[in-house]
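Try each one before reading its solution.

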Amino acid sequence: MAFEPPRRLVRALGETAPEGDDWLEKLPELAREAVERRELTVERVQLPGGRSSLVVLVRRADGTPAVLKLAPPRARPQSERVALAHWGGRGAVQLLEPVSEGAEGSEGAEGVLLLERLHPDVSVRTLPEAKALLEAAGTLRRLWVDPPEGHVFETVAERTGRQAKAMRAGADAAPEVAPLVDAALSAREELLDSPPEHRLLHGTFRQSKVLSGDRMPWLAVGPDPVVGEHAFDLARLVRDRVEDLIAQPSGATTTRRRVRRLAESLEVDRDRLRGWTLFRAVESGVRARRVGRERDAELLLEFASWL
């Protein structure tokens, strides 16, 4: 079978690829090798797919349905593997290979994950908004556990430190966003001063990352794990369906109400949630502008201005 990368993946990786990165060129061969080594039968490539990995629906030698995921090193697939193993299927998709298996051997093997098959076309985003937020929040709560001893996961301070440098550069290039960037960076400094907990977080949690399953009704997929406080993880969920929020005359009021309700339902400090929501929205907006996604940037920065 020809493993043609979906256009969505090609476009997304092309926006951020460092010079000399040839992972996309190697991807078809990496996929063929991963399938052969595991004796898998390929059904189809999942379309439109994600923005950071190739997802292939497969069956194992015994006929069990599964998912083969291939991701470039910059997507930190080894961190995802370790986090999924640590969660052990509690709130997240089940890893079907031991952490050590598949991490050695051919070039690129460390970026291959064999996962439990969920229902890829059914996420909580298909539910009415109030129900979707409730189910997503319940899933997220199950993921908030102590990280494994001696972990090497990135911390919130480290990740946002890298992001802060890019945000400052973006503000220098576009002075009109400087006030929002300044506010977001100030919020970050205050929040990092006294974090209330250090837990294993999903890192990129949103409604589309929660899929229907057979083992449990809803399970999280696609983590970019990080260690830090709960409010950082919850912040990305606050802006879900941002295009709908912007289209509402009462979008700002709805956003502030969502912050309050999510904070109360997950016992997170409201001001900390608001601060991380501001930082993450501005960071995403500045990044979208940097790669030419102007419409996304406008939505995110307007949303941030409501906080």
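**Exercise 1.** Is the crossing of α7 and α9 left-handed or right-handed?

Before the solution, some housekeeping: this is a predicted model, where local features need pLDDT of at least 70, side-chain atom pairs count only at pLDDT 80 or more, and totals for chains, interfaces and linings use all residues. Residues are numbered from 1 along each chain as its sequence is written, and side-chain values use heavy atoms, with hydrogens and water left out.

*Step 1.* Two packed helices are described by the angle between their axes and the distance between the axes. For α7 (residues 230-238) and α9 (residues 251-265), the angle is about 140° and the axes lie 10 Å apart. Axes here are lines fitted to C-alpha atoms, for helices over the stretch in contact, with angles from 0 to 180 degrees between N-to-C directions.

*Step 2.* The crossing of α7 and α9 is right-handed (the near helix is turned clockwise from the far one by less than a right angle).

*Step 3.* Leu234, Leu237 and Val238 of α7 meet Arg258, Val259, Leu262 and Ala263 of α9, contact meaning heavy atoms within 4.5 Å.

**Exercise 2.** In what order do the three strands of the open sheet run?

*Step 1.* The order is β5-β7-β8, with antiparallel pairing (strands are DSSP E runs of at least two residues, helices H or I runs of at least four; a pair needs at least two bridges).

*Step 2.* β5 (119-123) and β8 (218-220) each have a single partner strand, so one side of each lacks a neighbour in the sheet.

*Step 3.* Ser123 sits opposite Leu211 in β7.
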